[in-house]
Amino acid sequence: MLASQALETLSLALAELEDPGLTSLRIVDVQPGFSSDLTALLACPAADYEAALRTLPRMEGRLRSELAYALQRKRVPRLVLALVSEEELTRVADEEGEEP
């Protein structure tokens, strides 16, 4: 439940950011990690990968703030952002016989 709520919240927050380096990003998955960590898997086209890699760290605090507001918890989970290209995501899904 926490991961699905985080996925929805982060997707909406990412869509609201007006940063050209992040416009092509999408949240693919959110998984609980160790203790109270959440790992968000983000995908973007390979052409935008470098720009997203440079811009994403600046936005991490904003995304975490949005998460804190939506979850209304005493302690906000630490957010770990993992970036992958759409092409890599498709390749892995093809190898595993899944849909990206």
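I started with the charged side chains and found Glu-88, Arg-91 and Glu-95 linked in a network of salt bridges. For my notes, a salt bridge is a side-chain nitrogen of Lys or Arg within 4 Å of a carboxyl oxygen of Asp or Glu. I counted six salt bridges in the structure.

Before going on, I noted that this is a predicted model, where local features need pLDDT of at least 70, side-chain atom pairs count only at pLDDT 80 or more, and totals for chains, interfaces and linings use all residues. Residues are numbered from 1 along each chain as its sequence is written, and side-chain values use heavy atoms, with hydrogens and water left out.

**Entry: salt bridges across the chain**

I looked up Glu-86 next and saw a salt bridge to Arg-26, with 2.8 Å between the closest N and O atoms. This pair ties distant parts of the chain together, since Glu-86 sits in helix 3 (residues 86-96) and Arg-26 in strand 1, 60 residues apart. Helices (H or I, at least four residues) and strands (E, at least two) are DSSP runs, numbered from the N terminus. Arg-26 is partly exposed, at a relative accessible area of 33%. My cut-offs here: buried is under 20% relative accessible area, exposed is over 50%, and partly exposed lies in between (1.4 Å probe, protein chains only).

Another pair is Asp-37 and Arg-78, whose side chains meet in a salt bridge at 3.2 Å, N to O. Here too distant parts of the chain are linked, with Asp-37 in strand 2 and Arg-78 in strand 3, 41 residues apart.

I then checked Arg-62 and Glu-66, which form a salt bridge of 3.8 Å, N to O. They are four residues apart in helix 2, so about one helical turn separates them. An α-helix has 3.6 residues a turn, so residues three or four places apart point the same way. Both ends came out partly exposed: Arg-62 at 42% relative accessibility and Glu-66 at 26%.

**Entry: helix 1**

Which residues of helix 1 are buried? I found Ala-3, Ala-6, Thr-9, Leu-10, Ala-13 and Leu-14. Among what covers the buried residues are strand 1 (26-32), strand 2 (37-44), helix 2 (49-71) and strand 3.

**Entry: strands 1 and 2**

Strand 1 and strand 2 run antiparallel and are joined by six bridges; two strands pair if DSSP finds at least two bridges between them. I noted Leu-42 in strand 2 as the bridge partner of Ile-27. The two strands form a hairpin with four residues between them, and Ser-35 in the turn has a positive phi of about 45°.

**Entry: Ala-82**

Last, I looked up Ala-82, which lies in strand 3 (residues 78-85). Ala-82 is partly exposed, with a relative accessible area of 27%. What does Ala-82 contact, leaving aside its neighbours within four places in sequence? I listed Thr-39, Ala-40, Leu-41 and Leu-42, where contact means heavy atoms within 4.5 Å.
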